[in-house]
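Open the model in your viewer and keep the selection tool at hand.

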Amino acid sequence: MYRIDSMYEPMVEALLSARSENKADRWMACAAFWLGRQQIYNVPDYWLALAAKITSGLDTADKDAILDQLSNKEAALVSSAEDWPETPESLLSVVAGWSPEPAPVDLYAYAASKRYAIETGGIVINGMSITTDRASQSMITGAYSYVQANPTVTVKFKTAAGFVELTAEQMTAVANAVGAHVQASFAAEGEVTSQIVAGTITAKAEIDAFAWPSNAQGES
């Protein structure tokens with residue numbers, strides 16, 4: 001992490017990042033010359049060689065603007081610049097310490113959150129958008145129990161688009177579809193978990209790419 005009283009740590013990191021992307025422009029040359037003059041991290045020769053190489057490849061206007069500010073020794077480095085200098089290991093070690101490795105991802109927790117999002121994300125049955133959050137699952141279970149005890153009734157059922165009237169048979173189809181969706185979501189998480197244990201799934205992107213259940217259901 002950067003120290004709050006440091007001005008050159010972000011400069012160094014930005015310069016090395018730009019270099020790794022094969023970028024070369026005036027700000028990079030100026031930064032590298034400054035770092036070399038200040039002998040930052042005890043590698044002044046590297047900074048000056050890097051600055052010289054960058055400057056040598058600039059367009060005439062930018063190159064001349066920088067040369068006007070250089071000492072004779074620095075200008076000589078520009079005129080003799082050939083290959084890109086190799087970054088010293090000591091500098092790479094210092095920079096690596098600024099940005100610690102991110103904490104490892106808990107793939108099991110990520111799979112569970114993925115399953116929950118899909119499980120509660122709703123389904124579409126015969127053109128009806130059915131919510132499947134936990135409260136809705138409970139209400140659907142209750143409606144199913146009601147029509148099983150009263151098979152001749154119709155029920156008012158609230159979809160994502162508004163109220164509809166369903167027969168006992170239709171309400172049963174909705175309950176079965178929601179139940180199947182929930183079970184398929186958990187079955188998918190179980191398979192993902194097995195693959196994490198086996199080492200065949202090792203990243204969040206592979207969990208996302210798994211064949212999770214669709215939110216669409218066939219005609220009932």
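Select α1 and α2 to begin: α1 passes α2 in a left-handed crossing, meaning that the near helix is turned anticlockwise from the far one by less than a right angle (clockwise would be right-handed). Helices here are DSSP runs of H or I with at least four residues, strands are E runs of at least two, and both are numbered from the N terminus. This is a predicted model, in which local features need pLDDT of at least 70 and side-chain atom pairs count only at pLDDT 80 or more, while totals for chains, interfaces and linings use all residues. Residues are numbered from 1 along each chain as its sequence is written, and side-chain values use heavy atoms, with hydrogens and water left out.

On α1 the contact (heavy atoms within 4.5 Å) is made by Met11, Val12, Ala14, Leu15, Ala18 and Arg19, and on α2 by Trp27, Met28, Ala31, Ala32, Trp34 and Leu35. These residues divide into 11 nonpolar, no polar and 1 charged; Ala, Val, Leu, Ile, Met, Phe, Trp, Tyr, Cys and Pro count as nonpolar, Asp, Glu, Lys and Arg as charged, and the others, Gly among them, as polar. The axes come within 10 Å and cross at roughly 130°. Axes are lines fitted to C-alpha atoms, for helices over the stretch in contact, and angles run from 0 to 180 degrees between N-to-C directions. α1 and α2 are therefore oblique to each other: under 35 degrees counts as roughly parallel, over 145 as roughly antiparallel, 65 to 115 as roughly perpendicular and the rest as oblique.

Val12, Leu15, Leu16 and Arg19 of α1 meet Tyr46, Trp47, Leu50 and Ile54 of α3.

Next, pick Leu15. Leaving out residues up to four places away in sequence, Leu15 touches Trp27, Met28, Ala32, Leu35, Trp47, Leu50 and Ile54.

Finally, go to Val153, in the loop between α8 (134–149) and β3 (154–159). Val153 and Thr167 are 14 residues apart in sequence and 6.6 Å apart in space, C-alpha to C-alpha.
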